[in-house]
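Me: Please take a close look at one part of this model, the place where the two chains meet, and describe it in one connected account.

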Amino acid sequence: MSLSEALSSIFVMPFMIRAMLVLLALAIAAGVIGVFINLRGLEFMADGLTHAVFPGIAAGFALSGQEGLVVGALAAAAFATVTLTLLSHRRVTSDTAVAIVLTAMFSLGVIIVSRSRHVTGSLEQLLFGHLFTVSVTEVLLTAGICVGALLLVMTSLRGQLFSAFDSAGAQAAGYRELTNLLLLNIAIAGVVVSASIAVGNLLVLAILIVPGAVARMWARGLAGVFTGALLFAVVFAFAGLIGAFVVSVSTDVAIPGGAAIAVIFVAGYVLSLAFRLVIQQRRRAAGS
Amino acid sequence: MIQRLLDTAGVSFAYDRDTALADITMHVDPGQAVALIGPNGSGKSTFLKGVLGVLPVISGSLKVLGHDRDFNVGGHIGYLPQDDHIDADFPVTLRQVVMMGRYRRLGWFRFPRAVDRQAVADALTVTGLSSRANVRFGTLSGGQQQRGLLARALATKPDLLLLDEPFNGLDQPNREALIATVRELKSQGVGILLTTHDLDLAREVCDSVLLVNKRQIAFGPLDQVLTLANLQAAFGDVQVEVDEHKVVIPGHEH
């Protein structure tokens, strides 16, 4: 297939349309929720959740194949979210709590995978997703979970912002810190679960964290941060998908969609950082 | 009788299970300002947090705005925290911070209306920050941030205003402006409870004093409470500022 044929076929092939729909849902949810991760400094918590979801994915897959993935992931995410939120809210330092739960759950996942030949063969798919082979059911599930996660954050938006800016002040204003944190962590877990299907468990973090971090570099106000993160997430997700597809069909080297997207996201972050440094240098030079 | 804005009887608050402040009996009436005075770590901020419902009441009774629980959901209490925990890089403008004072009245979904925007604009005017409204909060100077947080508390249009060390870090003009603001709020019937180290200031704007050191030492009109014996009981063997003179209060010698 030539390059131009490949490009023109992108928007016609059903599997590409499914992949785009999944990515659109994911990018919107991750863009918005990622801003809160950034504002509240919950990156490590998000990392903990992605690792904690892994045994759920593995167990679900071992028990009932691809269909079991989401159920297992949701169960593990529910357990991990509640545990992590409660632990980090108590006296245990947040990082310690996350590190312990992360390691315990991930080891459990590895044990499950190693006990089951059936799963071992699909390990790559579990870790890196199967963007090009998502089923219609998975598209609907992803979209549903993403909408739910977004609703959780949007309905508690004011409390989330207030808590992120000044948690003592927010509590004083009558917002419950534990409720806010739990809602946000559930939303993060939702994105982690749905993104695990498409881009894979190991690469979720790029999608969740990069857009917010990049937008934070450039935007001055809240509206700018949210818009920037959303735009970055959608544009770079599609760029990664189309890039992976075009390279795969024109060179016969199969590139996993999830990995391509993660790479593009990280590249975007590095570029943004470099650009930022150059501008600061210029300003300093101009100022002196 | 006028309804009391804050009314406690033998109330104690605790962090986890350790009692942090015990046996406080005091009240704040509309149009009154009460100074909360005590040494560092004596439980002044604890008392404010207890009144805000952040810390649990472990004994005694606490009535805020006529309610004995869930009193802080309608956004009728304004609070100025000590400004020491705010991320300077946080992407919010001063105006957005002050609008946070309206959040509880806005609830979950309602967009700010003219009345909310007016409350924010008024609070910015009173604190002299109107020209800085669209600046990122973190780029303001320390004193301006402090006034910005005061503006947030004022934007709630509170019935009861709690100020934690509001005069810390203010220069003379700002200090006078704040005194004028406190007087103006009192004349509007707002009740104010403020913590301070400064006895002069208490004399200037407050009607009564609550003197604490882990527990209540005294509560009442200024001249009855600010006696040498009471101050000694509260501060022990440390320096206390009385009438601009450093006075060393002698320790107990038995």
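Predicted model: local features only at pLDDT ≥ 70, side-chain atom pairs only at ≥ 80, totals over all residues.

Reply: Residues are numbered from 1 along each chain as its sequence is written, chains are lettered from A in the order in which they are written, and side-chain values use heavy atoms, with hydrogens and water left out.

Counting contact as heavy atoms within 4.5 Å, 29 residues of chain B are in contact with 25 residues of chain A. The rule finds 1 salt bridge across this interface, a salt bridge being a side-chain nitrogen of Lys or Arg within 4 Å of a carboxyl oxygen of Asp or Glu. Asp166(A) forms a salt bridge with Arg152(B), and their closest N and O atoms are 2.6 Å apart. On the side of chain B that touches chain A, the residues divide into 17 nonpolar, 4 polar and 8 charged, where Ala, Val, Leu, Ile, Met, Phe, Trp, Tyr, Cys and Pro count as nonpolar, Asp, Glu, Lys and Arg as charged, and the others, Gly among them, as polar.

Phe137(B) touches Phe165(A) and, within chain B, residues including Ile86(B), Val92(B), Leu94(B), Val97(B) and Leu149(B), leaving aside residues up to four places away in sequence.
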